[in-house]
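Please look over the model below.

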Amino acid sequence: MSFIENAKTYTGRDLETVFFRPMLSGQSALDLGVRILYNMPAPTTVQLWERSGDILQQYTKAGWTGGDPAKKLQKTIEMSKVKAELGYSAADYFSLIYELITNRADVNMDDLSGTELEQAETELFRQALAENIRATMWVGDTSAESGYNTFDGFLKIVKQLVDDESVYNKTYQSADLASPEKIVELFDTLWTNADARMQDLKAEGQLAFFLTSDLCHLYEKYLDSKGVDAAYTDAVNGRQGLAYHGIPVIDVRLGSYLAQTSLHKSFCLLTDRRNLVLAVNTADMPGNEVRMWYNPDEMENRQRAVFMAGCQLLDESLVAYAYQQ
């Protein structure tokens, strides 16, 4: 076997259960660090309910005072039709698939069935697609001539809010972060100036600092400087997760992507995870599919996915943002 030429097409229910849902639910969704809405009706509309005010009344007071309902707000997530395409030479494609198969402990190399090949091909394309969705939800910019321009990402939305002075924002220079202690001052500044509603949400465990790798590394250097045994152990073994005063510190891992954009190259965003919403739809539009086939004329294995995606920041008051100018 020197190439793989069994064509595979996922549509309808198979498109959801075999291909997209495994990477948009469970641990895979948690790894993205944001709220995922999968196959909600398009265009996806999110209902936001504000808690009612003071509803407790004195029992001895006569009359009815419960007539004011909670306020309901709506936020629409515009969905864009997108496609993803990959092409590999037959030799390269076979090598990639073969490596995925041999890495499995339960594989019988003397009997490679079509199911095992299909699983390996699907996993190869799914990994590439998941990373591109993750990158676009952050750095997407529809005004860009090339690159990640299928839909606007969170940073484009936040940058517009900063330009409109709709959110608290702070600028810094590289010299302002010359010592590791400065990163803690930056965290404190964002927390202190955050909206009181966002501070109250800390108890729910969904607040997070989303920051670029340079700031994340600076925070690790700050932790390394602590003269305790735990700091030495972490410096040697690494840290599985970072947090500041109980709020997770998340490295968005966008260095290679931001270099190609006009967005802020270094930033720290404090918000509620549920405030950042990624919506993906594979059900509400004709033509949605994933197809993998072999082109004998070009001796190339090709993969294509067609679906809808978009993202939105639901509540601008739940944002505090700092970026390098």
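Which element gives the most to the lining of the second largest pocket? Helix 4 does, with six residues. This is a predicted model, with residues numbered from 1 along each chain as its sequence is written, and local features need pLDDT of at least 70 while side-chain atom pairs count only at pLDDT 80 or more; totals for chains, interfaces and linings use all residues. Side-chain values use heavy atoms, with hydrogens and water left out.

The second largest pocket has a volume of about 310 Å³ (the space filled by probe spheres set on the grid points, which are joined across faces, edges and corners). A pocket here is an open set of points on a 1 Å grid over the protein atoms alone, where a 1.4 Å probe fits, with protein on both sides within 12 Å along at least five of seven lines; lining residues have an atom within 4 Å of a point. Of its 18 lining residues, Lys83, Ala84, Leu129, Asn132 and Thr136 are the closest to the centre. Strand 5 (80-89), helix 4 (114-139) and strand 13 (300-313) each give two or more residues to this lining (helices are DSSP runs of H or I, at least four residues, and strands runs of E, at least two, numbered from the N terminus).

Elsewhere, six strands form an open sheet with mixed pairing, in the order 6-14-10-7-9-8 (two strands pair if DSSP finds at least two bridges between them). Its edge strands, strand 6 (168-172) and strand 8 (242-244), each pair on one side only. Strand 6 runs parallel to strand 14 (319-324), with five bridges, and tyrosine 168 stands opposite alanine 320 of strand 14.
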